[in-house]
Amino acid sequence: MQVTLSEEDARLIAKYVADELIARQPVQMMTMKEKRSRRLDIGQAAKYMNRSRSTIDRWRKTKPAFKVLEHIDGTSTYFLSNELDEYLNQ
């Protein structure tokens, strides 16, 4: 089966792959600016906050202030590490 991609499709795929690679980098290898704006999926956010995935899911359902931190990009939900830091420091 042959698939033909437009330039826009190729750009979107490249951006997605780049974002995923950046999100998987160890935190200690990133600059402070990159660390502040790091995108984390729900599992990564749980690990980053030293909480369980079920705690994050519960917070998403019961805490409006935490729900606001969710960002949705198509079908993916992610959090920004700097916003999670601010939430934890409240």
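Student: Are tryptophan 59 and phenylalanine 66 buried or exposed?

Tutor: In this predicted model, tryptophan 59 and phenylalanine 66 are both buried. The rings of tryptophan 59 and tyrosine 87 have centres 6.0 Å apart and planes at 55 degrees, so this pair is tilted. It joins distant parts of the chain, since tryptophan 59 belongs to helix α4 and tyrosine 87 to helix α6, 28 residues apart. Tyrosine 87 is buried, as is tryptophan 59.

Student: How many aromatic pairs does the structure hold?

Tutor: There are four aromatic pairs. In one of them, tryptophan 59 and phenylalanine 66 have ring centres 5.4 Å apart and planes at 75 degrees; planes over 60 degrees apart count as edge-to-face, so this pair is edge-to-face. Ring pairs link Trp59, Phe66, Phe79 and Tyr87 into a cluster.

Student: Which residues of helix α4 are buried, and how should I read their positions?

Tutor: The general idea is that an α-helix has 3.6 residues a turn, so residues three or four places apart point the same way. In helix α4, which spans residues 53-62, the buried residues are Thr55, Ile56 and Trp59. They lie on the same side of α4, because they cover an arc of only 100 degrees around the axis. The cover over the buried residues of α4 includes α3 (42-48), α5 (64-67) and α6.

Student: Let us turn to the strands. What is their order in the sheet?

Tutor: In general, strands of a sheet pair through backbone hydrogen bonds, either parallel or antiparallel. Here, three strands form an open sheet in the order β1-β3-β2, and the pairing is antiparallel. The edge strands, β1 (39-40) and β2 (71-73), each pair on one side only. Strand β3 (residues 76-80) is joined to β1 by two bridges, and leucine 40 stands opposite phenylalanine 79 in β3.

Student: Which helix lies across β1, β2 and β3?

Tutor: That is helix α6 (residues 81-88), which runs at about 60 degrees to β3.

Student: How many helices and strands does the protein chain have, and what pattern do they follow?

Tutor: The chain has six helices and three strands, and along the sequence they follow the pattern α-α-β-α-α-α-β-β-α. Of its 90 residues, 22% count as buried. The chain exposes about 6,900 Å², and carbon and sulfur atoms supply 54% of that area.

Technical notes
Residues numbered from 1 in each chain as written. Predicted model: local features only at pLDDT ≥ 70, side-chain atom pairs only at ≥ 80, totals over all residues. Heavy atoms only, no water. Pairing = 2+ DSSP bridges. Helix = DSSP H or I, 4+ residues; strand = E, 2+ residues; numbered from the N terminus. Contact = heavy atoms within 4.5 Å. Axes fitted to C-alpha atoms, helices over the stretch in contact; angles between N-to-C directions. Buried < 20%, exposed > 50% of the residue type's maximum accessible area, 1.4 Å probe, protein only. Areas by Shrake-Rupley, 256 points an atom, 1.4 Å probe, with all protein chains shown as cover. Arc of directions from axis to C-beta. Phe/Tyr/Trp six-rings, centres within 6.5 Å; stacked < 30°, edge-to-face > 60°.
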